Every structure is written in structure tokens, then in C-alpha cells.
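I want to look up the surface first, then the core, then the rings.

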Amino acid sequence: MMEGNELTLISSVVVWSIAKREAICGSPAAGLNVGNATTVLFSKCWDEMFVTAGNGTIRVWELDLPNRKIWPTECQTGQMKRIVMSITMAADDSFFFLGTTTGDILKMNPRTKLLADTGPAKDKFSLGVSAIKCLKMGGLLVGSGAGLLVFCRSPSYKPIKKIQLQGGITSITPRGEGHQFFVGTEESHIYRVNFTDFKETLITTCHFEAIQDIVFPFGTAELFATCAKKDIRVWHTLSNRELLRITVPNMTCHGIDFMRDGKSIISAWDDGRIRAFAPETGRLIYVINNAHRIGVTAIATTSDCKRVISGGGEGEVRVWQIGCQTQKLEEALKEHKSSVSCIRVKNNNEECVTASTDGTCIIWDLVRLRRNQMILANTLFQCVCYHPEEFQIITSGTDRKIAYWEVFDGSVIRELEGSLSGSVNGMDITQEGVHFVTGGNDHLVKVWDYNEGEVTHVGVGHSGNITGIRISPGNQYIISVSADGAILRWKCPFSS
């Protein structure tokens, strides 16, 4: 939002002095007969002039600082009515350019407040001009909502150079004279482009939908996998690089787990299928069709790689036998009344615990394939963990309480206040059982001392609801994921 000399800051149209930390003056951003102003741009040469634009309004503002006044002038565009998406100013303030939802560009003179030219006449930019930047050497970089990046000049605005990127373009930032620039897209890609060859290099990626699950392979912190909407992605932990992307179009992946041998990623999908992929290549290994009626909502694997345990939207827990060529339903356990949100398997593979939004957690005997114990609470359970010694479990959910339970008889041992606001959605415990971590709708990562039941550290950084959290094998990192597509890596405050 700030360009040039950083003396003033605009909020709607109130002008603030940064030095004095006070408002100087204000004015309505647009006239009564037009829509809202949505973009703002400072003059390149003069601190006392800026431009606002939006739905049917383009205004040049001049500040009269000694008298604490602000004077807007509406720009004239004749019969042309446009909604402005993006705005840029020439280096010498001679003109400013506006990108519109219609896919054309308006060139305005800030002194006369008149339209200088408009274009392109044909082949307008599909899905609007969502980003626009003037280059010092002349010409414009234009980004469209359809992901097309173009270099062009007034008055024809015909593409001189162009490339197609993935996702609608949201921002363009030049370096220096514009010999190189960075481009951001709606699909969370950041590209670096060299002006001369006009070729893109992908430098950063991330999810652009809510992340549903995160998991490390057994015994290694080098990699981890996440899933969000149609994508499963494998990441290199230290470099934050995306190593692999597996996409199933028009589906949503609710949960993932690595088989202990590292040969497959098992995934739970909303079309009722369980899909297994190779973690190096992303090749589909097998599909279990009709695994659950109302989508597969949770998944876990046993350490001997012989079984997969899945939970569904209808509340069923199903145990699958996984052979070299076959996947066979061993048992369907019908106790939960609502969707299964989390499954954890005991280390010896003889027992597992499932958490459900019906207010129950059930401990299942995986040898005799029946219920061992049921835990009841007035909450939608979102997460559950075994203490490594496996005679206790900890749970949390929408009532914000963290509860410790006795596995043997299902009795509650203690309850802690997990969060002051909003559900606790993710939880993980160290291999030693000394610490555990939680994250939820308060956007905070919390590290707890298991025996004391007290928060020892708090991580502030997420801007969305935390949906999942894991401690890396070896206790070096904590990885948390959230509903805005963010993945945050934290250094563990405790040593293993």
C-alpha cells in the first residue's frame, strides 16, 4: 500500500501522520451514486497526492496539510463505467493505469483527471486485470485473473511478451528497473521472472485451501506430508520445498498416513474411497472402493503394514487387511453415531482408539475386533492420543477441554482448560510422553508438560484456525497446519 516517501498512511480515506501517530484529516472515499473504493495508490513524486479507485469511482486526492484538509476530484471516463481491480502509477507521475474486471486497462492523466486512452480493443484479459505494474523502462506488466502474465505498451495494450502461470495473478513486484520481478497467484505460487527471456521459475508453493491433515513417516523428520482439498503434498522439512504433489480432481482428502515401511501413503477421500500412493512418484498403488458410505473422514495404519483402519462420515470404523495384491474388509465396527474425526493405533497393534463428533471415544480390541471401552463427554471430539505407556489417552475437541482418561475403565483422570476461545483441533505427544502439543481455533500452538498439566510455551504465528499439529520424530520440530493453507515449522522448545 505504501509507495515513495513514507510520511502518510491511508485507511479507507483517513490520512494519518506516521511521525505524530495521529489522524490528519478524512473524507468519504466515494460519491453517493457509485460503489466502494477498493484500491489506493500514492504518487511517485509528491507526498501530497494519491489516487483511490473501485466500483465506478476513480478519484485523485490532494492534501492540504497546513489546513488539515483533503480535496478529492472525480476523474471523468465519459460513458465508460468500470470496476477497478488494480492500479499503478508511471515513475514520473505523468499517467496512472487502472486494471478492470472487464479485462481492459484505462490510462488516466492525474493533472487533467481525464481518460488518455483505453485498451485492448479486442482480446480483453480473461477474468479481469487483477494486477498491473508500470516499469521504469516504459511499458506495463499485466496479470489476469486467468493466470496470464503479459508485457504490453499503451495505447494498443497488445501482448509483446506473455506467459501462462498457475492460478489467477494477485501481485507483481519488480526488482530494480524491472529486469526481474516476482509474481504471486491465487494458487499460492510465487514465481520469479527474468524480463529478457520472460520465463518463469517457481520459487515457493503452498496449499491454497484448508489443510486437513499432516503426518511424518516413521522414524524420520526429513519429510512430511499434508493434504488439502484435492492435493496431497510431500515436503522437505528443512528447505520447505515441495517434493511431490498428488492431485485427485474434484475430490477432498480428509486424512493421510504413511505405512511404516515407507512404501505407501494411505489417504481418506470424501468420495468414500481409500487411495494408496507411492511416496516417491505419486503413482496410484490401489483403491478401496465404497470404503464408507458418507466419505472416509479418518485413517490410520498398523506398524506391521498389514492393516488399515478407517473411519467414515456415518460413524463406522472399518478394519482392512492389506496384502500384496489384495485389500479385504476384515470387520465393520458400528458403534459411533456420527463422523469419526481421529484414529490412533497402539504400538503393539492390538488396540486402537477412535474419536468421534458424537461425543464418544471408543477403544477397540483389534485382536477380537470388538469394543473394549467407551468414553463419553459433552463435546465433539476432534483429536485423541495415546500416552506412550498406553494406559492413558488424552482427548480434546469443541468444549476446549483437554481430558486425560484411563484406558482400562474409561474413567476421567483430569481435565485442563485447553483454550480460552474455540475448539482444539490438533494434538500430538512426544515419544517419551513428557510433553504434548495442541492447536485450534485460537490460532495458538501450545506446548504442555504432561505430568504438570501446564502450558510451558506458546507459539504465535497462525492467522487461521489450526487444523492439525505433529511433533517430528526426534523432537526437533513441531509442524502446525491451518485453515488458511499455512504450514508453520517451529523449533521444539524441549530436547529429546
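Val 455 comes out at 38% relative accessibility, so I log Val 455 as partly exposed.

Ground rules for myself: this is a predicted model, where local features need pLDDT of at least 70 and side-chain atom pairs count only at pLDDT 80 or more, while totals for chains, interfaces and linings use all residues. Residues are numbered from 1 along each chain as its sequence is written, and side-chain values use heavy atoms, with hydrogens and water left out.

**Entry 1, overall.** I counted zero helices and 46 strands (DSSP runs numbered from the N terminus: H or I of at least four residues for helices, E of at least two for strands). The C-alpha atoms fill a box of roughly 85 × 50 × 40 Å along the principal axes. Of the 496 residues, 52% count as buried.

Together with Val 458 and Val 460, Val 455 makes a nonpolar surface patch of about 270 Å². Patch residues have over 30% relative accessible area and no salt bridge; nonpolar side chains (Val, Leu, Ile, Met, Phe, Trp, Tyr) are joined within 5 Å and like charges within 9 Å. A salt bridge would be a side-chain nitrogen of Lys or Arg within 4 Å of a carboxyl oxygen of Asp or Glu. Areas are from the Shrake-Rupley method with a 1.4 Å probe, and for residues only the protein chains shown count as cover.

Which residues touch the most other members of the largest nonpolar core? I get Leu 149, Phe 181 and Phe 198, out of 15 residues. Strands β14 (148–152), β16 (169–175), β17 (180–185) and β18 (189–194) each give two or more residues to this core. Core here means buried Ala, Val, Leu, Ile, Met, Phe, Trp, Tyr and Cys joined through side-chain atoms within 4.5 Å.

I list 10 aromatic pairs: ring centres of Phe, Tyr or Trp (its six-membered ring) within 6.5 Å, with planes under 30 degrees apart stacked, over 60 edge-to-face, the rest tilted. Phe 181 and Phe 198 are a tilted pair, 6.0 Å centre to centre with 55° between the planes. Phe 181 is in strand β17 and Phe 198 in the loop between β18 and β19 (199–205), 17 residues apart. Phe 181 is buried at 0% relative accessibility, and Phe 198 is buried at 6%.

Definitions and conventions: Buried < 20%, exposed > 50% of the residue type's maximum accessible area, 1.4 Å probe, protein only.
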